[in-house]
Amino acid sequence: MVEVEVQNESDQTQKKVQFIAVPRIGEGVRLIDERGFKASYDVLDVWYQEAEFGGVWTPYIHVRKTP
């Protein structure tokens, strides 16, 4: 499992979610929305940042609710 930081453009939130694999740009993912229901989101961007303790890269994704 890979822990990914999800930055949600639709409701301006950030949370960590575990995935089997890091989603790619353009893929759809199902996440729990702000009301507690599952919703479809499009992956807009994927990037990695080096963690504070060094040598480990943390994945981040930027998503937006599918219209």
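**Salt bridges in the predicted model**

Glu3 is partly exposed, with a relative accessibility of 42%. In this predicted model, the side chain of Glu3 takes part in a salt bridge with Lys16, where the closest N and O atoms lie 3.9 Å apart. Glu3 belongs to strand 1 (residues 2-8) and Lys16 to strand 2 (residues 13-19), so the pair ties together parts that are 13 residues apart in sequence. Lys16 itself counts as exposed, at 54% relative accessibility. With a cut-off of 4 Å between side-chain nitrogen and carboxyl oxygen, the model holds 5 salt bridges.

A further pair is formed by Arg64 and Glu9, whose side chains meet at 3.7 Å, N to O. Here distant parts of the chain are linked: Arg64 sits in strand 5 (residues 57-65), while Glu9 is found in the loop between strand 1 and strand 2, 55 residues apart.

Next comes the pair of Arg24 and Glu27, a salt bridge in which the closest N and O atoms are 3.5 Å apart. Arg24 is exposed, with a relative accessible area of 59%, whereas Glu27 counts as partly exposed at 30%.

How values were computed: Residues are numbered from 1 along each chain as its sequence is written. This is a predicted model: local features need pLDDT of at least 70, side-chain atom pairs count only at pLDDT 80 or more; totals for chains, interfaces and linings use all residues. Side-chain values use heavy atoms; hydrogens and water are left out. Helices (H or I, at least four residues) and strands (E, at least two) are DSSP runs, numbered from the N terminus. Buried means under 20% relative accessible area, exposed over 50%, partly exposed in between (1.4 Å probe, protein chains only).
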